[in-house]
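Here is a friendly note to read with the model open beside you. Take the points in order and find each part on screen as you go.

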Amino acid sequence: MKALIFLFIPLVLAVSAADFETRLLGNGLTVIVSPDDTSPVVTICIAVKTGATCETPETNGLAHFYEHMFFKGNEALPDQTAYNLRMGELGIIRNGTTATEKVQYFITLGSENFQEGLEFMYDAITSPLFDMEEMEREREVIMNEHDRGLAHPFYNLTLAREKVIYADAPWRKSPIGVPEVIRAAAPPAMHAFQELYYTPDNSALIITGDVDYEEAFRLSEEQFRDWEYGGRSNYDSLPRLIRIERDTTVFVDSPSGAGYVSVVYEGPSISTDPGDSYPADIWGSYLSLMSREFYTDLVTNGPFINVYGSYFTQRFSPSITFAGMVPPDKAEEALDLLLEEIQQLQSPDYYDEEGILLAKEELFRHRILAEETSRDIAVESMPFWWVVAGSLDYYATYQDSLNAVEPEDISEFLETWIVNKPRAAFVLMPLDGEENR
Amino acid sequence: MKIICLTVAVLLGSLYASVPEDVEEFTLSNGIPVITRSIDNNEIEGVSFFIIGGSSALTEETQGLERFSLECAMMGSEDFPGPEWRELMDRTQAEWTSSFNYDYSRYHLRCIREDLPILLSAFGNSLLYPELEENAFEQVRTSTIQDLQEKYNDPDGWIWFVANDAFMPGHTYRRLPDGTVETVSRFTIEDVSNMLNERIRSGNLLITHAGPTKPEELRSILEQAFGDIPEGGQEFQQVEPFTINSDTIVVQHREVPTAYAVVKFNAPPQGHEDLLPFRAAMTVVYDLLWQVLRTDYALTYSTHSGATRYRENWGYMYVSSPQPVMACSLMAEVLAELIENPVDEDIVRGTIEKGRTLENLRAASKDNQCWMMGNSEICTGDWRNAYTVFDNISELSSADLSAVLNRWIGYGGWGVIADTTVVSIEQLQPWPLK
């Protein structure tokens with residue numbers, strides 16, 4: 001099987017966002033529907049603009065605690081037993097996640113039970129009981145979740161990053177929260193969170209799968225129109241969080257022996273600098289190309305086991321990160337090499353035109369692969385973009401915006417965000433009994 | 001920050017109303033069997049390449065060699081040397097995932113339809129004519145060792161292997177497909193070359209596909225990519241049953257803030273009529289563990305149970321808890337209670353309904369389809385079994401589930417990782433399961 005001809009693969013694949021329609025209900029609830037009849041299931045997701053970023057030191061961990069209480073009793077299903085029974089009747093698979101800038105709850109069930117699924121979610125979002133006894137039990141569960149995190153090999157690194165990069169309010173990057181708050185959480189605090197954030201004007205209802213537009217919108221309106229408008233959320237006016245004022249290098253002890261090196265810069269916020277986010281994505285995608293210098297210098301011919309450079313799209317804590325696993329005994333050498341590489345990549349000559357096209361192509365293909373199933377769309381894509389970007393316009397026009405990016409835009413992005421800008425470096429390695437330094 | 005609920009149904013196993021009609025089988029000219037399912041809802045293709053054997057193809061000294069060899073092969077080949085290989089991966093953004101278990105190794109390709117021919121050609125070329133360049137070889141070794149150390153350092157993942165020490169000492173499945181730091185440190189390029197030469201034989205292989213490419217076109221693509229693979233292969237003995245003959249516990253001390261525990265116990269082997277009811281029963285156990293350990297007693301963030309789908313199987317229960325003695329004791333009680341007293345029929349029906357949802361969800365994922373068909377073909381002898389489970393268990397009663405657990409569950413092999421300066425070692429005794 002020799003003499004295989006290297007086939008040319010056309011660049012810039014045509015791809016669009018998943019088909020969807022959006023409507024705004026009278027109470028401010030955004031309803032997004034994306035039909036797909038591949039399989040007879042429907043996924044219903046409620047995304048809420050809240051998360052650790054909305055917390056204070058006194059409430060750090062409550063957004064996550066709330067998530068745990070969401071799938072407990074409510075006015076329609078008064079206790080856990082009734083709740084579990086109903087999930088079995090409807091064949092519901094459910095989950096919830098609390099991130100820094102977003103909380104979401106989602107269920108998947110047979111499409112024949114779609115209407116009942118909407119009702120199930122409505123009851124959960126509008127009338128949680130926050131029973132004190134349930135909360136007492138659940139706080140032990142959350143403490144166990146907290147303690148599991150302490151054993152993670154990267155726990156020390158995460159703490160160090162929070163303190164250095166998010167020094168103004170590190171709690172806003174820590175969804176799990178702190179034991180004191182978890183231990184003290186009580187129903188009034190849950191209700192306060194509900195009042196502020198769990199309102200239709202601060203949430204989106206996302207429906208994907210085996211449904212049609214009209215039925216989905218009609219049933220959503222029937223079910224959710226009585227959810228009372230709030231207008232109290234402060235989410236959109238929260239301050240930027242990430243702040244790196246001077247070059248810093250922190251060596252972090254790695255009890256597990258793992259080695260990891262990262263260098264972080266501030267990045268553009270999607271709410272204040274959305275235009276910079278497109279060249280940022282293409283630039284990050286370029287650095288992931290295994291055929292280009294960044295990878296070959298650092299992995300193929302360098303000490304890194306893997307490496308990436310990327311921009312993380314966020315509102316309040318957008319970051320540009322270069323990072324990778326390294327053998328622990330080569331961690332310091334790896335940091336030096338990475339910093340040297342970062343110097344080089346600030347020059348426009350570092351990038352070739354074909355590579356930039358490849359980088360765009362990568363982003364397009366990535367989107368296709370990331371949205372294989374209707375559940376992927378309901379759980380991974382749409383909630384993220386709706387919350388972080390503020391609407392799905394960004395998501396819908398993403399490909400066109402990427403196509404419009406020129407090499408000069410990437411140079412401008414580098415000038416604005418990396419060249420001569422302060423960075424924070426972190427080296428995770430065994431320090432043999434020393435404190436972090 | 002996920003509440004681990006999705007796994008409820010993952011543990012149930014395959015439920016599906018009936019065998020799909022859009023599946024075809026054919027054989028390549030060198031005898032490699034192919035099973036393909038046409039799914040054209042989008043442009044995503046999935047192809048799984050199975051190498052049959054798993055632990056049976058390894059010795060104590062070669063643990064991890066098959067995985068290591070395949071990873072080395074994926075660094076470049078004669079026609080696609082390292083730089084060209086990386087360029088191709090950049091162009092296609094192909095996703096390769098690999099898994100290495102007790103019965104087989106599996107490489108799965110996920111890509112856009114138009115990239116399928118070139119990617120499979122490159123893959124075939126790398127299996128037959130790997131470059132095995134020295135630097136790349138050492139790079140794979142470094143990364144593999146790092147990965148193994150990470151696995152060891154993560155108590156949540158390593159607990160499963162601690163339980164193996166209690167449940168299956170000396171068994172074929174004790175040979176680790178991922179290898180150990182010691183074995184991987186010793187492998188040479190010659191070892192890799194010999195392993196690929198021995199294992200990449202048509203008689204050891206199975207290919208499954210799910211995606212928009214039609215069978216005739218697929219046959220041609222696969223023939224070009226894998227048609228040169230030589231015939232032959234290995235015959236593997238039936239894997240021996242597990243022979244645990246007393247309740248056993250292995251405790252590993254670590255300074256962890258929460259303890260981890262797993263118990264494994266006998267389950268029906270593939271092909272046995274009790275396997276599907278047993279698996280369904282273990283999913284009901286999952287719901288009960290969640291209710292009792294998490295909801296009622298708040299002892300844990302994570303607990304679950306299930307039964308494996310290898311050629312020889314075991315049931316298992318898992319928990320992480322700061323109070324492992326109480327949590328393990330309750331876990332054993334939940335199982336014993338279900339064996340003695342069937343639960344409400346509604347709970348069984350609910351478990352089955354959730355499993356049905358999960359299976360329908362899986363139907364849209366090409367990766368899942370490829371895995372389901374391949375796993376069933378290798379472990380049960382017929383891919384169709386992946387789709388008929390629901391037909392076979394939907395009428396089961398709660399009493400049936402208790403009865404099947406009673407027939408199979410005997411002694412348990414417990415593994416515990418705990419800080420024994422906090423948890424008294426004397427209290428960590430194996431908890432009888434019935």
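1. Start with the two domains of chain B, whose C-alpha centres lie 28 Å apart. They are domain 1 (22-226) and domain 2 (248-427), with bounds that come from an automatic or database domain assignment.

2. Before going on, please keep in mind that this is a predicted model, in which local features need pLDDT of at least 70 and side-chain atom pairs count only at pLDDT 80 or more, while totals for chains, interfaces and linings use all residues. Residues are numbered from 1 along each chain as its sequence is written, chains are lettered from A and ligands numbered from 1 in the order in which they are written, and side-chain values use heavy atoms, with hydrogens and water left out.

3. How much area is buried between domain 1 of chain B and domain 2 of chain B? The value is about 3400 Å², with carbon and sulfur atoms giving 69% of it. Buried area here is the accessible area (1.4 Å probe) that two parts lose on being put together, summed over both. On the domain 1 side of chain B, B:Ile159, B:Trp160 and B:Phe167 supply 19% of the area buried against domain 2 of chain B, more than any other three residues.

4. Now look for charged partners: three salt bridges are counted between domain 1 of chain B and domain 2 of chain B. A salt bridge is a side-chain nitrogen of Lys or Arg within 4 Å of a carboxyl oxygen of Asp or Glu. The side chains of B:Arg106 and B:Asp367 form such a bridge, at 2.5 Å from N to O.

5. Next, zoom out to both chains. Contact (heavy atoms within 4.5 Å) links 71 residues of chain B with 77 residues of chain A. Together, chain B and chain A bury about 6600 Å², and carbon and sulfur atoms give 60% of that area.

6. Between chain B and chain A the count is seven salt bridges. The side of chain B that touches chain A has 27 nonpolar, 23 polar and 21 charged residues. In this scheme Ala, Val, Leu, Ile, Met, Phe, Trp, Tyr, Cys and Pro count as nonpolar, Asp, Glu, Lys and Arg as charged, and the others, Gly among them, as polar.
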